Amino acid sequence: MPVPYIRHATLDDEETLGRLDRATWSPLHSVQPRPQPPYKPFYDERFGPRDHLVAELGGAVVGYIRLGFPTSLACNSHVRQIQGLAVAEEVRGAGVGRALLRAVQDEARRRRARRLTLRVLGHNTPARKLYESEGFVVEGILPEEFLIEGEYVDDVLMGRSL
């Protein structure tokens, strides 16, 4: 499998990223209900193109990662948080998620972050293994934080120094 090309998102990516986000929705990683039409715009007042890196294979967008701040507090501005990661089903296991994770770490360093954090659902074993293999460690667990499809699911907080 070829190596994915990682780049910053553009305004022109919005429709493609929205479709990818809807296509990859799963209770394995989402606490939101399945998106229904009319769909909300992918970009909003909180997150725009500058907050996303996208992965391309063969010129097609096959994944994205969203980088944000965990809070709006100035005293917390040295921390960035991964607030979204999606990889098209047909290329999972081909290194797209790993490439996005590595690129977002570089981007966070460029933005002078000292730490990178994320939240992952406890039952999302594939994502947790990927994050651990890239140096993230569990820093806290909120037991049974979410009720998803009748099951209580932990919210796992992970992080790493940059």
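Guide: Let's start with Phe136, which counts as buried because its relative accessibility is 2%, under the 20% cut-off. Keep in mind that this is a predicted model. Searching the whole structure turns up 3 aromatic pairs. Take Phe42 and Tyr64: their ring centres are 5.1 Å apart and their planes meet at 80°, so this pair is edge-to-face. This pair ties together distant parts of the chain, since Phe42 is in the loop between α1 (14–23) and β2 (52–57) while Tyr64 is in strand β3 (residues 60–68), 22 residues apart. Phe42 is buried, at a relative accessible area of 9%, and Tyr64 is buried too, at 3%.

Now back to Phe136. Its ring pairs with that of Tyr131, again edge-to-face, with 6.0 Å from centre to centre and 65° between the planes. Tyr131 is buried as well, with a relative accessible area of 8%.

Ring pairs join Phe42, Tyr43 and Tyr64 into a cluster.

Rings also turn up with charges over them. The charged end of Arg22 sits over the ring of Tyr39, at 3.9 Å from the ring's centre. Likewise, Arg66 has its charged end over the ring of Phe47, and there the distance to the centre is 4.8 Å.

Key:
Residues numbered from 1 in each chain as written. Predicted model: local features only at pLDDT ≥ 70, side-chain atom pairs only at ≥ 80, totals over all residues. Heavy atoms only, no water. Phe/Tyr/Trp six-rings, centres within 6.5 Å; stacked < 30°, edge-to-face > 60°. Helix = DSSP H or I, 4+ residues; strand = E, 2+ residues; numbered from the N terminus. Buried < 20%, exposed > 50% of the residue type's maximum accessible area, 1.4 Å probe, protein only. Lys NZ or Arg CZ within 6 Å of the ring centre and 35° of its normal.
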